[in-house]
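Please read the points below with the model open beside them.

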Amino acid sequence: MTPLLNTASIDVKDASKCLKKPNESSNKYSRGVLGLVTGSSAYPGAAVLSAKSAAYSNIGMVRYAGPFRAQNLVLQAVPEAVVSDCLQGKVNAITVGSGIPDYEHCNDDSTKSQRDYILDLLKPYSAHSVENQENTNLPPVCVDAGALDLLPEKVCEKVVLTPHALELSKLLKRYNLDFSAQAIAENPLEFAQKAANLTGATVLLKGSTTVVASAKNLNLPIFTCTYGPSWLATAGSGDVLAGILGALLAQNNCELNQNANYALIAASAAAIHGLAANLAARSYGKSVYTNCANYKNRENIEHPIVASNIIDALPYALGYLMNLD
């Protein structure tokens, strides 16, 4: 018999605590800087979506590293971003992998170069390296999509994985476990916890109910989030989530908080993502965004959305959350 799991449903008030309000002494660096290694020559849109969602998620700066085509598109969408071939300057958090093919689908030199770069970025997060070197200055990192197969076998909890069921199925095969995506989707609590125990990472398993689990030794609850509407099942929405999550990690790491609850931060990103999607799906004009009173009422959803609509709604969702009593 499977033991009962300790669960906690994330609330928007919990999510609001992960948003850091600026004050008179704030500057673009103190508000958080996110480094992004996302998008590829084949999928540059992921770079745009992750960069724009991060820039709209209450941080001071976005640094983007990627292929030249993606750099140009990011600058067109987010002229505030700093772009280059590799991350330069200090960052408070990193997001990698969105829109970058995995090993099986990597078929050009540009993508191989990106994957090699991400591999080098992730090596220091090996649990063995962290324990031996006592490296407490590593920024937290969100590992998405095509970067999941570049993980060290065991990492620390400040590595946050964001797979959907199929991606988690592939990841578990690295640990000689063969479970279908369907089996994982039907038992997200069990498999998110299993993945967290195996990898040591914080695991955000995307689905109709998003689940966030930490390794068992941390004694944290499994967070669940059901704010997202079904309209979120659209291309690019995961890239938007990766940008939001990276931004939350960055603003909560400005003072090198060694006691950060990465599971709570990840679950908060999912809640913000879902709230923004609900606002976007129920709104025909910007004036409607300000009415968040019925954000949980799924019956009010009015129309389909694309990933970019979620980003458009983000400032209104964040404004609502940051002004909660």
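1. Lys206 pairs with Asp144 in a salt bridge, and their closest N and O atoms are 3.5 Å apart. The term salt bridge is used here for a side-chain nitrogen of Lys or Arg within 4 Å of a carboxyl oxygen of Asp or Glu. The pair joins distant parts of the chain: Lys206 sits in the loop between β8 (202-205) and β9 (210-213), Asp144 in the loop between β6 (141-143) and β7 (159-161), and 62 residues separate them. Asp144 is buried, at 2% relative accessible area. Buried stands for under 20% relative accessible area, exposed for over 50%, and partly exposed for what lies in between (1.4 Å probe, protein chains only).

2. The model is predicted: local features need pLDDT of at least 70, side-chain atom pairs count only at pLDDT 80 or more, and totals for chains, interfaces and linings use all residues. Residues are numbered from 1 along each chain as its sequence is written, and side-chain values use heavy atoms, with hydrogens and water left out.

3. By the salt-bridge rule the count is six. One of them links Lys112 to Asp116, with 3.3 Å between the closest N and O atoms. Both belong to helix α4 (residues 109-122), and because they are four residues apart, about one helical turn separates them. Lys112 is partly exposed at 46% relative accessibility, and Asp116 is partly exposed at 36%. Helices (H or I, at least four residues) and strands (E, at least two) are DSSP runs, numbered from the N terminus.

4. Another salt bridge is formed by Lys173 and Asp178, whose closest N and O atoms are 3.3 Å apart. Here Lys173 is partly exposed, with a relative accessible area of 44%, whereas Asp178 is exposed, at 65%.

5. Helix α12 (residues 307-322) has 16 residues and should span 22 Å at 1.5 Å a residue; its end C-alpha atoms are 23 Å apart, which agrees. The expected span is 1.5 Å times one less than the number of residues. A kink of about 40° lies at Ala313, shortly before Pro315; the bend is the angle between axes fitted to the seven residues ending at a residue and the seven starting there. Buried residues of α12 include Ile310, Ala313, Leu314 and Leu318.

6. Overall, the protein has 12 helices and 10 strands. Of its 325 residues, 54% count as buried. Among contacts (heavy atoms within 4.5 Å) with a separation of 6 or more, 68% come from residues 24 or more positions apart.
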